[in-house]
Amino acid sequence: MAIFTGAGVALITPMKANGEVNYEKLEELVEFQVKNNTDAIIVCGTTGECATLSEEEHAEVVKACVNFTKKRIPVIAGTGNNCAKTAVELSVLAEKDGADGLLVVTPYYNKATQNGLIAYFKAIADAVKIPVIPYNVPVRTGCNLLPGTLAKLYHEVDNIVGVKEATGDVSQVAQIMNLTDGKIDLYSGNDDQILPILSLGGKGVISVLSNVLPKETHDIVERFFNGDFQGSLEQQLKYIPFIKALFSEVSPIPVKKAMNLMGMEVGGLRLPLTEMEEATKNVMEAEMKRLGII
């Protein structure tokens, strides 16, 4: 059984003016997501600025998110790292603190071989009992978890159950589903490809868009599974220009700006991320006004 079906939010990590994690605001964001039909919360992923959180902060944010969510919807902790030892430690802590599953990005910068990726994911999965979802995003990590490699992990490791696919390559996704007999829990890692991924047997999306429009993102998936393919398509297409704006600079720069424009006061970013450029901000703001978000 899938950890979740529908739209899971790749939650941002709110910051105070001094750069510390804002736990009071984090609780508000969790409540906003739960009340607006989000199907799962993914914490400390790329959108959560995991790369600039210390290991102590990382563990504390996961624990806080689990406590705030109160088992109303699943919490999936991002625990991938370019160091396998650190990834294992973060994974064990996340399980101990009550996470329902793990989202594990391929090791960035190292550019592991396919054999290295197998060893990395097996080491993490063997250290925990909760489900593991590999996250494949070559544009950010420099390595591609190939369909054959993923299928081998899926068939050989009981708690490797799914994949967040963000290559943007629909042919690669189709090959994954072919090699796993359509049984792997497939989630879109790109908000502009929710519908194509669902059409290939996907379970849903792990979404940046959901930070701003949780109910609407949930509805794209729900309509598809309810047989309203046209309604799902119309809603997917409606938000394409805004999605493009949300990725006009490195995520989560735009989505944090969008949330602040909405008055959500989620704070700034940690270096090396900086504030959104005026030109791209103006385009995004205009699109938000067009959609009635602000």
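Me: Which residues does Arg-270 touch, not counting residues up to four places away in sequence?
Reply: Arg-270 touches Met-15, Gly-19, Glu-20, Val-21, Glu-49, Thr-52, Leu-53 and Glu-57, with neighbours up to four places away in sequence not counted. Contact here means heavy atoms within 4.5 Å. Bear in mind that this is a predicted model, where local features need pLDDT of at least 70 and side-chain atom pairs count only at pLDDT 80 or more, while totals for chains, interfaces and linings use all residues. Residues are numbered from 1 along each chain as its sequence is written, and side-chain values use heavy atoms, with hydrogens and water left out.

Me: Is Arg-270 buried or exposed?
Reply: Arg-270 counts as buried, at 14% relative accessibility. The cut-offs are under 20% relative accessible area for buried, over 50% for exposed, and partly exposed in between (1.4 Å probe, protein chains only).

Me: And where is the place of Arg-270?
Reply: Arg-270 sits in the loop between H12 and H13. Gly-267 is found in that loop too, between helix H12 (253–261) and helix H13 (278–290). Helices (H or I, at least four residues) and strands (E, at least two) are DSSP runs, numbered from the N terminus.

Me: What is Gly-267 in contact with, leaving aside neighbours within four places in sequence?
Reply: Gly-267 is in contact with Met-15, Lys-256 and Asn-260, leaving aside its neighbours within four places in sequence. Gly-267 is partly exposed, with a relative accessible area of 23%. Gly-267 and Ala-17 lie 250 residues apart in sequence, but 6.5 Å apart in space, C-alpha to C-alpha.

Me: Switching to the barrel: in what order do the strands close?
Reply: Eight strands close into the barrel in the order E1-E2-E3-E4-E5-E6-E7-E8, with parallel pairing. From one strand to the next, the twist averages 25°. Two strands pair if DSSP finds at least two bridges between them.

Me: How many bridges are there between E1 and E8?
Reply: Strand E1 (residues 6–10) and strand E8 (residues 204–207) pair in the parallel sense over four bridges. Gly-6 has Gly-204 in E8 as its bridge partner.

Me: What about E4 and E5, how many bridges join them?
Reply: Four bridges join strand E4 (residues 101–105) to E5, and the two run parallel. Val-104 stands opposite Pro-134 in E5.

Me: Which way do the E5 residues point?
Reply: Val-132, Pro-134 and Asn-136 point one way from E5, Ile-133 and Tyr-135 point the other way, and all are buried. In a regular strand the side chains alternate between the two faces of the sheet.

Me: Now helix H6. Which of its residues are buried?
Reply: In H6 (residues 147–156), the buried residues are Pro-147, Thr-149, Leu-150, Ala-151 and Leu-153. Their cover includes helix H4 (114–127), strand E5 (132–136), strand E6 (162–165) and helix H7 (170–179).

Me: At what angle do H4 and H6 cross?
Reply: The axes of H4 and H6 cross at roughly 30° and come within 10 Å. That makes H4 roughly parallel to H6. Axes are lines fitted to C-alpha atoms, for helices over the stretch in contact, with angles from 0 to 180 degrees between N-to-C directions; under 35 degrees counts as roughly parallel, over 145 as roughly antiparallel, 65 to 115 as roughly perpendicular and the rest as oblique.

Me: What does Thr-149 contact, leaving aside neighbours within four places in sequence?
Reply: Leaving those neighbours aside, Thr-149 is in contact with Gln-114 and Ile-118. Thr-149 is buried, with a relative accessible area of 7%.
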